[in-house]
Structures are given as structure tokens and as C-alpha cells.
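Have a look at it first.

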Amino acid sequence: MHDWTEEALSELPIRGGFRLRGLEMTRLETFTDAAFAFATTMLVISMSGIPESVGDLVHALKEVPAFLASFATIASFWNAHRRWSRRFGLEDGWSTLISLALVFVMLIYVYPLKMVFGALFFWISGGALPLGNFRFIATELPTLFVVYGIGFFALTGLISLLYVRALRAANQLLLDERERVLTRSDVVSFSVMAATGLASAMAAGFLPVRLGVWAGFAYATLPITMPWIAIRYANRAERAAG
């Protein structure tokens, strides 16, 4: 771990209230970036085959909304890891282990992710948007939500652990009080996201099928909980900075 001094920190750029300690690409970040790029490739492969006619092309284009939502989700996890790397620049044993676990889960998570968004857009479009290569019946939705929920729980939980690791290294990193508050905000945010995924998976797994098919709507709470947490900790960070 880099031995930081206040003099060295004073020369770093500041973004979002953080002094960026990880501006140099580490081998860990390079590997993680490559793995996320491979996950995106797997997402592309999961779409229908290469179009051989205009009809095939039109059919393939109907899969774009589900692909876009899946890509945006993968990109959000990649960006969360990238932001963590830029802020802290950690490459110790625990950080490496957690990051490798994150990559492992992401590569498994790609197909449930595509299936969930495919089912969502198929449902809201009344069947106009296709499911792609995947096939399942309505009664199998709870099982899909269980698999997806466990993956979402694992990914967000692992990112939360990365921020916990940063908090534990706060003294070595010379995090000021504002940076510590913002780091706690990320720990709480990703922990709540993990709890939401676990709650959805448990609801889908233990409720009767007629209720379990609605377990995916647990994620609709995130547009409420995430801004609330962000506002609450932003106020604390302002007080810490003052």
C-alpha cells in the first residue's frame, strides 16, 4: 500500500469531494476492466444469431432495449469498481480477492441479467419485444428472480466490502472526515442494494408462485432508497467539510 503524506495528497486532483489516490492503472484494475469487457461480449453473444435477412435484422433490433438495459447494468458495476479504484488505489490482498470474486460473479450473472430484462420488456410490450434465445414459462419466473436476486446480492455486497476495506485502511490512506463520510455512504448504499436483491430472491423462493412472480418489483424501491441515502450522507459530508 502506498505510504501517503499530506504533502503528496495536496498534489492530487479532487473529484466529488475525494482526493484521487488511484490515478495510475493497477494490474488489478486492468484485469477487472478486461473481465467486464468480456462480460459485455458474452451479453452480445446471448442475442440472436447474425441476421441473414431484413426480417431477421428487424427481429434482432427488437432485442436492443433488453440489451441496452443489461449493458447499462454491467456498466454501472464496472463504474462502481472504477470509482473505488480511482478514489483509493488499493491493491492489497483483500482488495484483490474481493475484486476477483466480483469478476467471477459478474461472468455468471450475465445470462440471468439478460433473461430478466428480456422478460421485463416482453411483458411491458405485450409480447412485441422478443425474449431472444431464452425460453421460459410464467411459472418459472420466481426461479429466475431467485437466481438474479442472489447474483445482484453478491455483486452489490462485494462492492460494499471494497468500500469497507477502504474504511479499514482510512488511516493509511489519510482519509479526511469528509472522505470517510462519503465512503460510509457507499457502504450503506451498496448494502441496501444487496439487501434488496436478497429480499427479492427470498420472496421469489418462499412465496407461492402466484405471488413470487412479482418479486422483481422489489427493485422498484431503489429509486427511493438510493436518493434518500445520498442526500442524507451528502448533508453529513458538508457538515464534516465545514
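A word on pockets before we start: on a 1 Å grid over the protein atoms alone, a pocket is an open set of points with protein on both sides within 12 Å along at least five of seven lines, and its lining residues have an atom within 4 Å of a point. What you're looking at is a predicted model, where local features need pLDDT of at least 70 and side-chain atom pairs count only at pLDDT 80 or more, while totals for chains, interfaces and linings use all residues. Residues are numbered from 1 along each chain as its sequence is written, and side-chain values use heavy atoms, with hydrogens and water left out.

Now for the largest pocket. Its lining is made of 31 residues, and Val116, Phe117, Leu120, Gly216 and Tyr219 sit nearest its centre. Its volume comes to about 950 Å³, volume being the space filled by probe spheres set on the grid points, which are joined across faces, edges and corners. At least two lining residues come from each of H4, H5 (93-124), H6 (141-168), H8 (177-206) and H10 (222-241); these helices are DSSP runs (H or I, at least four residues), numbered from the N terminus. By class, the lining has 26 nonpolar, 4 polar and 1 charged residues. Here Ala, Val, Leu, Ile, Met, Phe, Trp, Tyr, Cys and Pro count as nonpolar, Asp, Glu, Lys and Arg as charged, and the others, Gly among them, as polar.

A cavity is a set of grid points where a 1.4 Å probe fits but cannot get out, and the structure holds 1 of 30 Å³ or more. The largest cavity has a volume of about 40 Å³, with Thr26, Leu28, Glu29, His81, Trp84, Ser85 and Leu90 around it.

What about the packed interior? The largest nonpolar core has 59 residues, and Phe77, Phe88, Met106, Tyr109 and Phe152 have the most contacts inside it. Such a core is a set of buried Ala, Val, Leu, Ile, Met, Phe, Trp, Tyr and Cys residues joined through side-chain atoms within 4.5 Å. Zoom in on Met106: leaving aside residues up to four places away in sequence, it touches Phe36, Ala39, Ile74, Phe77 and Leu155, a contact being heavy atoms within 4.5 Å.

Finally, find Ser189 in helix H8. Ser189 is buried, with a relative accessible area of 11%, where buried means under 20% (1.4 Å probe, protein chains only).

Note on methods: Buried means under 20% relative accessible area, exposed over 50%, partly exposed in between (1.4 Å probe, protein chains only).
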